[in-house]
Amino acid sequence: GWPGSRVSSWLNGGLFGGAAGPPAWYVGIAHAAVSLPATPIVFTSTADGGTGDFGLYMDLVLVAYIRSQDTGDPYTYISLNNSTSFTSTNKYMQGDGSSVSAGSSVGVAGKAWVWRHPYSTQTANVFGTGICTFFDINSDKYKSMLSQSASDLDGSGYCFMATNTIATTAVVSSIEINDGAGAGWSVGSTFDLFGLKREPA
């Protein structure tokens with residue numbers, strides 16, 4: 001079945017039903033916590049058949065708690081396989097409760113635009129949240145992503161959703177997460193990568 005339905009099933013029948021932990025197809029791969037301002041954050045497949053081997057998974061899910069040192073660009077960009085050669089197309093919706101916008105864009109130098117996050121000139125110590133799902137990462141098709149984020153920007157809530165199609169047929173071997181202007185992720189930011197295996201028949 002589709003991963004979203006499996007996650008919903010786990011939450012409703014597992015997590016809230018008193019199960020001991022996540023099912024075998026939902027695997028924690030890696031965690032990164034920023035203790036010094038840093039950019040970018042990179043997760044790389046171990047390619048060794050162990051938990052960190054991206055080749056074992058159908059999809060990947062990235063969950064982040066983020067703030068950046070930037071003074072301007074509030075958007076998070078993701079690159080795959082350390083490449084700046086592919087192009088990505090983006091469709092997005094965003095709003096702050098009083099105004100909304102939607103549109104499309106082309107990724108910058110191989111970077112897909114996935115989240116909007118708080119940055120240094122906004123309310124102190126406020127972090128945003130972001131989730132991005134990478135679908136069918138070991139296929140020979142173009143790669144697709146679905147992302148969403150939410151944050152408090154100077155007292156106004158901000159929601160952002162985007163889809164990306166990335167023009168590469170290569171399997172995904174690394175994921176690089178960049179803050180908008182490259183000034184660095186703020187101390188306290190965290191990043192967690194999960195793998196979704198095919199559910200047993």
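**Strands, pairing and surface in a predicted model**

Mentor: In β10, Thr165 is the bridge partner of Thr89. The model is a predicted one, in which local features need pLDDT of at least 70, side-chain atom pairs count only at pLDDT 80 or more, and totals for chains, interfaces and linings use all residues. Residues are numbered from 1 along each chain as its sequence is written, and side-chain values use heavy atoms, with hydrogens and water left out.

Trainee: What makes β5 and β10 a pair of strands?

Mentor: Two strands pair if DSSP finds at least two bridges between them. β5 and β10 (residues 156–166) are joined by eight bridges in the antiparallel sense, so they meet that condition.

Trainee: Which strand pairs with β10 over eleven bridges?

Mentor: That strand is β9 (residues 143–153), and the pairing is antiparallel. Within it, Leu153 stands opposite Ser156 in β10.

Trainee: How many helices and strands does the protein chain have?

Mentor: The protein chain has one helix and twelve strands. Both are DSSP runs numbered from the N terminus: helices are H or I with at least four residues, strands E with at least two. In sequence order, the pattern is α-β-β-β-β-β-β-β-β-β-β-β-β.

Trainee: Why are β1 and β6 said to stand at the edges?

Mentor: Eight strands form an open sheet with antiparallel pairing, in the order β1-β12-β3-β8-β9-β10-β5-β6. β1 (26–33) and β6 (100–106) each have a single partner strand, so one side of each is left without a neighbour in the sheet. Neighbouring strands of this sheet are turned by 15 degrees against each other on average, direction ignored.

Trainee: How do you know that β3 and β8 are paired?

Mentor: Seven bridges join β3 (residues 59–66) to β8 (residues 128–135), and these strands run antiparallel. Leu62 stands opposite Cys132 in β8.

Trainee: What share of the protein chain is called buried?

Mentor: Of its 201 residues, 44% count as buried, meaning under 20% relative accessible area (1.4 Å probe, protein chains only).

Trainee: What share of the contacts between residues at least 6 apart in sequence joins residues at least 24 apart?

Mentor: That share is 75% in the protein chain, where contact means heavy atoms within 4.5 Å.

Trainee: Which residues make the nonpolar surface patch?

Mentor: Met93, Leu146 and Met161 make this patch of about 260 Å². Patch residues have over 30% relative accessible area and no salt bridge, and nonpolar side chains are joined within 5 Å. Met93 has its place in β5 (residues 88–95).

Note on methods
Patches are made of residues with over 30% relative accessible area and no salt bridge: like charges are joined within 9 Å, nonpolar side chains (Val, Leu, Ile, Met, Phe, Trp, Tyr) within 5 Å. Accessible areas come from the Shrake-Rupley method with a 1.4 Å probe; for residues, only the protein chains shown count as cover. A salt bridge is a side-chain nitrogen of Lys or Arg within 4 Å of a carboxyl oxygen of Asp or Glu. Buried means under 20% relative accessible area, exposed over 50%, partly exposed in between (1.4 Å probe, protein chains only). Axes are lines fitted to C-alpha atoms, for helices over the stretch in contact, and angles run from 0 to 180 degrees between N-to-C directions.
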